[in-house]
Amino acid sequence: IGGTMPSGYCSDSTRTYAVGEAPADFRAYYSVLQEAQAAARAAVRPGVTPEAVVAAAHDIIAAAGHGEHFVHRTGHGIGLETHEEPYIVAGNTEPLDVGMAFSIEPGIYPGPHGARIEDIVVCTADGHESVNGVTRDLVVVDA
């Protein structure tokens, strides 16, 4: 869910929903994803590289046996364009700086279903501020 605000700045947010009871394997890797996304957000601070933020998420996902299912970038800058610098990807060694706004959106995609949790964060002098206020818990909708 996202779009362009009246100010011209873009917004973005991804949450995962299940219709009816989610399969046990899905609930298990969704829990891993929540931990990975929280770790990536916690890694954000001035001077940290985007690839270090990716590693914070990837290490948790890989340790849970889902490294090969982490196939989407971890994030992207957001501002007057929905997708802009800084790209939160492996290999990006340009340090984060105060005021940079970007998404943190790791995902796990093992096959017939997948999940992603996306928040927009702003790098602050002492870490980050998350600007999305919606729950990161799996939302189950009655069938």
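**View 1. The span of residues 2–125, end to end.** In this predicted model, the end C-alpha atoms of residues 2–125 lie 26 Å apart. The span is 27% helix and 25% strand. Helices (H or I, at least four residues) and strands (E, at least two) are DSSP runs, numbered from the N terminus. The UniProt record, an unreviewed entry, places the feature "domain: Peptidase M24" at residues 2–125. UniProt positions follow the numbering used here, feature names are shortened, and annotations may be inferred rather than shown by experiment.

View 2. Strand β4 covers residues 75–77, and strand β5 covers residues 84–88. They pair in the antiparallel sense over two bridges; pairing requires that DSSP finds at least two bridges between the strands. Gly-75 stands opposite Ile-88 in β5. Six residues form the hairpin link from β4 to β5.

**View 3. Val-122 in strand β9.** Strand β9 spans residues 119–124 and includes Val-122. Val-122 has a relative accessible area of 24%, so it is partly exposed (buried is under 20%, exposed over 50%, partly exposed in between; 1.4 Å probe, protein chains only). Leaving aside neighbours within four places in sequence, its contacts (heavy atoms within 4.5 Å) include Gly-99, Met-100 and His-128. Gly-77 is 45 residues away in sequence and 9.8 Å away in space, C-alpha to C-alpha.

**View 4. Ala-63 in helix α2.** Helix α2 runs over residues 50–63 and holds Ala-63. Ala-63 counts as exposed because its relative accessibility is 71%. Its C-alpha atom is 18 Å from that of Glu-105, 42 residues apart along the chain.

**Notes.** Residues are numbered from 1 along each chain as its sequence is written, and side-chain values use heavy atoms, without hydrogens and water. In this predicted model, local features need pLDDT of at least 70 and side-chain atom pairs count only at pLDDT 80 or more, while totals for chains, interfaces and linings use all residues.
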